[in-house]
There are 2 protein chains.
Amino acid sequence: MDRKEKYRVEVCFSPDEFDRYKQEYASVVAIDVLRATTAICAAFEHGVEKIIPVSTVEEAEAYREKGYLAAAERNGQIVEGFAFGNSPYSYMTPEVKGKTVVLTTTNGTRAINIAAKTHKVLIGSLINLQAVIDHLTEQPENVLLLASGWQGKFNLEDSICAGAVTDALIKSGKYMSDEDSTIAAMFLYRKARENYFGFLKASSHRRRLRNLNLNEDIKYCLTPNQTEVLPVYRDGALVILK
Amino acid sequence: MDRKEKYRVEVCFSPDEFDRYKQEYASVVAIDVLRATTAICAAFEHGVEKIIPVSTVEEAEAYREKGYLAAAERNGQIVEGFAFGNSPYSYMTPEVKGKTVVLTTTNGTRAINIAAKTHKVLIGSLINLQAVIDHLTEQPENVLLLASGWQGKFNLEDSICAGAVTDALIKSGKYMSDEDSTIAAMFLYRKARENYFGFLKASSHRRRLRNLNLNEDIKYCLTPNQTEVLPVYRDGALVILK
């Protein structure tokens with residue numbers, strides 16, 4: 001296939017940069033491996049019906065007061081007064097089955113809501129990696145992989161996940177890329193793919209990972225292909241793409 | 001040396017993100033390998049006395065009308081009416097010796113001026129790589145390496161240059177880093193260091209490099225350690241650090 005006939009896949013490292021990248025794309029895959037988009041996929045895998053992503057704790061509180069199940073995380077911790085944060089394990093309970101959950105997180109829900117203003121949004125993570133790749137290979141379109149980052153900054157795990165999607169889409173022969181960020185994400189993915197957990201642990205002295213002390217959560221978030229769900233944003237909420 | 005006693009070196013991939021990173025640093029190294037900071041170093045190497053970086057073409061025109069040597073580049077081209085752009089070769093002429101040059105470029109001068117509002121600014125490139133490393137090793141301080149990027153977006157060459165500085169500073173034993181962007185920059189540097197030109201050419205389909213058709217310029221910009229000058233921003237202009 002000629003390069004000009006291919007679809008574009010590119011990587012944007014942070015929601016802060018989204019305005020620079022957002023032209024030209026039919027859809028956006030929002031990625032927050034640690035832990036919002038992983039938790040969203042885990043929640044659907046375990047029977048949640050719908051997730052309403054909101055950007056502020058206040059919005060989540062307003063929903064909670066109306067009787068919704070509400071989850072709020074800031075800086076890695078469950079916000080006081082909420083039953084859930086963004087640990088994927090918190091959704092592995094019969095309590096959530098068939099329910100609508102309202103969710104706000106430090107980075108992930110912000111990325112989702114920024115992209116949803118103008119684009120179709122899919123939810124990507126390592127745990128549903130192959131589902132994202134399969135969908136975009138079967139129904140190719142110009143797609144931007146949007147890393148949520150950490151407080152607006154570049155982070156490794158989202159970039160590696162974006163690099164994994166890009167690598168597979170380019171290998172499918174249906175996609176090409178032009179941005180340096182996309183090339184960098186693919187290099188990082190190839191460096192990390194043998195052992196995501198080992199790579200992050202060995203390469204990162206990051207205070208946030210040390211402080212979170214969430215080894216079990218992180219191992220879950222970094223284990224690819226645990227679910228086939230592909231959440232999509234529709235009419236103000238996330239649902240599973242059928 | 002204990003980690004806590006070390007100085008910090010970190011990498012910021014774009015001036016758009018500078019606000020997220022700018023705390024905690026005593027100085028900023030502005031990097032625009034293709035081509036502004038390389039041209040600045042080349043100009044000093046060839047006898048320019050002082051460079052006034054301005055952010056807009058209008059400002060450069062105003063200086064030109066007052067009789068200054070003025071250089072203006074936008075999107076890789078010399079702006080009409082100006083004698084110089086940002087090609088390092090344009091400064092390799094006796095005409096510039098001892099002169100003050102006013103310079104505006106698409107990405108590089110913007111990064112310099114954003115950082116200079118709040119920080120001491122040094123000028124880094126591959127052609128003065130060792131000079132930057134030597135200075136920061138001899139006079140360690142918390143330092144942020146600021147990539148100019150391309151129209152606000154991540155670019156490989158600035159990130160690789162920043163990774164080269166980081167790698168050397170951390171090896172000196174006097175520095176540590178905490179940001180994922182810094183780790184990523186070091187990985188990219190290690191991937192590219194055997195052959196910067198080959199790496200960029202092989203890995204990048206970028207339209208901008210193809211369109212610029214500047215192989216000679218790019219080869220010059222990607223050849224490390226051609227000069228020992230270390231430009232620094234002082235009182236509104238760049239001069240050589242003595």
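This is a predicted model: local features need pLDDT of at least 70, side-chain atom pairs count only at pLDDT 80 or more; totals for chains, interfaces and linings use all residues.
Modeller: First, a word on names: a helix here is a DSSP run of H or I with at least four residues, a strand is a DSSP run of E with at least two, and both are numbered from the N terminus. Residues are numbered from 1 along each chain as its sequence is written, while chains are lettered from A and ligands numbered from 1 in the order in which they are written.

Biologist: What pLDDT does chain A average?

Modeller: In chain A, 95% of the residues score at least 70. For the complex, the predictor gives an ipTM of 0.93 and a pTM of 0.94. The average pLDDT of chain A is 92.

Biologist: Let's begin at one end. Is Lys4(A) buried or exposed?

Modeller: Lys4(A) sits in the segment before β1 (7-12) of chain A. A residue is buried if 20 or more other C-beta atoms, placed from the backbone, lie within 10 Å of its own, exposed if 12 or fewer, and partly exposed in between. Because Lys4(A) has 6 other C-beta atoms within 10 Å, it is exposed.

Biologist: How many Å apart in space are Lys4(A) and Trp150(A)?

Modeller: Along the sequence, Lys4(A) and Trp150(A) are 146 residues apart. From C-alpha to C-alpha, their separation in space is 35 Å.

Biologist: Which residues does the cis peptide bond of chain A join?

Modeller: The bond has an omega of about 5 degrees. In chain A, the joined residues are Leu34(A) and Arg35(A).

Biologist: How do α5(A) and α6(A) cross: parallel, perpendicular or oblique?

Modeller: The axes of α5 (residues 129-138) and α6 (residues 156-171) of chain A come within 10 Å and cross at roughly 40 degrees. Axes are lines fitted to C-alpha atoms, for helices over the stretch in contact, with angles from 0 to 180 degrees between N-to-C directions. Angles under 35 degrees count as roughly parallel, over 145 as roughly antiparallel, 65 to 115 as roughly perpendicular and the rest as oblique. The angle therefore makes α5(A) and α6(A) oblique.

Biologist: What do the buried residues of α5(A) pack against?

Modeller: Those buried residues are Leu129(A), Ala131(A), Val132(A), Ile133(A), His135(A) and Leu136(A). Contact means that two C-beta atoms, placed from the backbone, lie within 7 Å. The partners, in chain A, are β2 (27-31), β7 (120-124), β8 (143-147) and α6.

Biologist: Which element gives the largest share of the side of chain A that touches chain B?

Modeller: The contact takes 26 residues from chain A and 26 residues from chain B. On the side of chain A, the elements giving two or more residues are α6 and α7 (180-192). The largest share is seven residues, and it comes from α7(A).

Biologist: Is Arg193(B) buried or partly exposed?

Modeller: Arg193(B) is in the loop between α7 (180-192) and α8 (196-203) of chain B. Because it has 14 C-beta neighbours inside 10 Å, Arg193(B) counts as partly exposed.

Methods. pLDDT is the predictor's confidence in each residue, from 0 to 100.
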